[in-house]
Structures are given as C-alpha cells and as structure tokens.
Amino acid sequence: MSIFATGLPLNRFTKVVPVFITINNAYAPYAAAAIHSLERASNKKRYYRVIILHDGLSFQNRVRLRSLVTKNMAIEFRKITNSLYLRAIVTYCTRRQKGAGDFFSSAVYYYRAFIPRLFPLYKKAVYIDSDVILRGDIGELYDIDLEENALAAVVDPKVTMIKEFRDYVNNAVGVPQDEYVNSGVQVMDLKKMRKLKYLSTMIELIHEYDADLIAPDQDYLNIILRGKIMHLDPNWNAEPRKDLSSDVKLVHFNLFNKPWHYKNVPCEEMFWEAARGTGFYGNLKRQQEAFDEEKQRADHEKIDLLIKKGARLAKTKKPLVKL
Ligand SMILES: [Mn+2]
C-alpha cells in the first residue's frame with residue numbers, strides 16, 4: 001500500500017516533495033504531460049505530492065489527471081475559491097484583457113501567488129508551469145538550499161534573448177536584466193514568503209498602481225522579492241533547442257513554438273513522449289491539427305504585439321511600480 005493511502009499528514013513523518021502546478025481546463029492536457037514527465041524522471045525511492053491549483057476543472061479533466069497517480073506520486077486538487085484577493089486579481093485581469101498585447105491577462109497565472117497563504121503547513125515547495133517537461137528528478141530541485149533567500153528561480157532566458165524585453169525589465173519593471181527571473185519554475189521558501197506578506201503586497205501594488213505590465217505576476221514577483229532570490233542553474237528552466245545539452249533537467253515551452261500547436265519545433269519529441277500515456281494524447285494531436293495558418297498568424301501577431309508593448313513601456317523614465 002502506498003503511504004498516500006494512509007491519510008496521514010505526510011510532511012510530519014516522511015519527507016515528501018510538494019510540487020504545485022496551477023491550471024484551468026485549457027491547460028489540463030499540458031499539465032498532464034508535465035506531471036507524467038515528472039513521474040518518469042522521479043526517484044522511485046522518494047515520494048512526491050503534486051497539488052493542482054485550479055479554478056474549476058471538469059470531471060473528465062480531473063479523472064484524467066488523477067489517473068497519473070503512482071506508488072510514489074500522489075495527485076491532489078485544490079480549487080481557488082472566491083476571496084477578496086482573487087476578486088482584486090480578476091478585476092485587474094479583466095481590465096487588462098481589453099488592451100493590446102496582453103498575453104498574461106488570465107487570472108490563472110496569479111494562483112501561484114496564493115501558495116504560501118493557502119498551505120500554511122508547508123515550509124518549502126516547488127512550483128512548475130504546465131508548459132514544461134522534466135528530464136531530471138524534481139526532488140533534486142526541492143533539495144536545493146535556499147540559504148537566506150525567499151525563492152530560487154532561473155534568470156529569464158527570453159529576457160536575455162530579446163532586446164525589447166531587456167529594455168522593458170531594466171526600465172519599466174526596474175529590475176536589472178541579470179537579476180530578473182522567470183516565474184515558470186520556482187523553489188519557494190513558503191515560510192519566508194508568508195513573512196514578507198507576498199500575496200497581500202502584490203494585491204496592494206495592483207490596487208495602488210493598476211500598472212499595465214507585460215508579465216504582471218512575474219514582474220511583481222521580481223519587484224517584491226528583489227534581493228531575496230537565488231539564481232538557479234539554467235538547466236532547471238531551459239529554452240527548447242535542437243541541440244539540447246544532456247545536462248538540461250527541465251525544458252520550458254515559454255511563449256512561442258508550443259509543440260501542441262506547431263510541427264517541427266525544438267524538443268517536440270520530449271513533449272509528445274510525455275503526452276503519450278496520458279488521457280490527453282488524442283486531444284493534443286487534434287489541437288495541433290486544428291492550429292491552422294490563420295491561428296498561427298494570430299499567435300505570431302499576439303507575440304509581436306507583446307514585444308512591441310515591451311518596447312513602448314521601456315521608454316518610461318521611471319519604473320511603473322514602486323515598492
Ligand atoms: Mn510557461
């Protein structure tokens with residue numbers, strides 16, 4: 001019998017690796033591939049508890065995700081319920097959706113900010129985006145000593161690559177490009193984040209500035225936790241590429257060239273291998289087939305707009321948000 005079946009509060013007795021992932025119905029298929037890859041790369045002698053934060057998943061999606069459970073990996077769901085904070089975020093996102101170049105105006109991106117507050121019994125946890133595939137054991141990531149830091153993450157590779165994003169983070173966010181991290185993979189010191197009042201500080205900044213940012217919750221993370229973030233080995237949040245190094249432990253399909261939309265993109269085989277064996281393989285294949293030229297054009301346009309918005313906001317004389 002798995003220790004997950006005993007109903008014991010595992011953290012008290014056994015070192016379990018808590019992994020959070022935040023999704024809505026649309027992200028469920030990608031999350032399944034991510035979780036499947038996590039399980040395959042896991043250390044079979046360790047235990048993992050995957051906690052899926054969501055805003056209301058269909059029965060079918062829950063069943064399919066739940067079926068990924070193994071002897072050493074539990075899967076749990078936690079619905080983000082309506083609260084003062086959530087309402088503030090949803091209002092902010094709804095307003096943002098009306099503008100151009102709003103890639104990250106979905107409230108689902110903010111759910112990860114609720115983790116320290118919603119799980120007071122956890123001291124430390126790992127968070128991953130649903131658009132990642134693991135090749136290394138996430139337990140190793142969890143084990144990293146954060147020392148005095150509140151968080152560990154990788155310096156954002158897309159910011160390093162794209163000039164408009166570099167100018168944007170340096171000027172508009174006010175965080176130097178070599179400090180600015182990607183929020184797709186995080187090791188969180190939940191105790192420290194609670195102490196810093198991470199979520200309520202974010203809500204206050206949203207309320208005070210109502211700032212039009214390009215990666216809002218990631219920008220707030222960098223602003224609020226600045227100076228308290230440890231930089232992880234880039235192999236824990238790597239860009240997909242044709243000649244991927246064997247040292248890469250996690251690939252992040254960030255922003256463009258999503259393998260479930262496009263054919264012949266870097267690292268697609270890793271994604272499809274992980275997607276096979278989940279209940280979503282057929283859906284994902286059909287999604288790719290349905291992503292016709294028109295949809296591809298719209299996708300490219302959206303990314304162009306995001307980059308242009310970055311360039312426009314970068315012209316500001318002072319940061320858009322101040323802590
Ligand atoms: Mn992502």
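How many bridges join S6 to strand S8, and in which sense do the two strands run? S6 and S8 (residues 229-231) are joined by 3 bridges and run parallel. The model is predicted: local features need pLDDT of at least 70, side-chain atom pairs count only at pLDDT 80 or more, and totals for chains, interfaces and linings use all residues. Residue numbers start from 1 along each chain as its sequence is written.

**View 1. The whole chain.**
The chain holds 14 helices and 9 strands; these are DSSP runs numbered from the N terminus, helices being H or I of at least four residues and strands E of at least two. The C-alpha trace spans about 60 × 50 × 40 Å along its principal axes. Of the 323 residues, 41% count as buried (20 or more other C-beta atoms within 10 Å of the residue's own; exposed means 12 or fewer, partly exposed in between; C-beta atoms are placed from the backbone). Among contacts with a separation of 6 or more, 79% come from residues 24 or more positions apart, a contact being two C-beta atoms, placed from the backbone, within 7 Å.

**View 2. The open sheet.**
Seven strands form an open sheet in the order S3-S2-S1-S4-S7-S6-S8, with mixed pairing; strands pair if DSSP finds at least two bridges between them. Strand S3 (73-79) and S8 are the edge strands, each pairing on one side only. From one strand to the next the twist averages 30 degrees.

**View 3. Strand S6 and its neighbours.**
Strand S6 (residues 151-155) is largely enclosed by the rest of the structure, because 4 of its 5 residues are buried. S6 pairs with strand S7 (residues 181-189) in the antiparallel sense over 4 bridges. Val154 has Asn182 in S7 as its bridge partner. Ala152 stands opposite Val187 in S7 and opposite Met230 in S8.

Helix H2 (residues 28-40) packs on helix H12 (residues 268-275) at an angle of about 90 degrees, the axes being 8 Å apart. H2 is therefore roughly perpendicular to H12, a label for angles of 65 to 115 degrees (under 35 is roughly parallel, over 145 roughly antiparallel, the rest oblique). Axes are lines fitted to C-alpha atoms, for helices over the stretch in contact, and angles run from 0 to 180 degrees between N-to-C directions. Ala33, His36 and Ser37 in H2 meet Phe271, Ala274 and Ala275 in H12. H2 also lies across strand S1 (16-23), strand S2 (47-54), S3 and strand S4 (124-128), running at about 160 degrees to S1.

**View 4. Helices H8 and H11.**
Buried residues in helix H8 (residues 163-173) are Phe165, Arg166, Tyr168, Val169, Ala172 and Val173. Their cover includes helix H7 (157-161), helix H11 (216-224) and helix H14 (293-313). Gly174, with a positive phi near 80 degrees, follows H8. In H11, 9 of 9 residues are buried, among them Asp217, Tyr220 and Ile224. The buried residues of H11 pack against H8, S7 and helix H10 (198-209).
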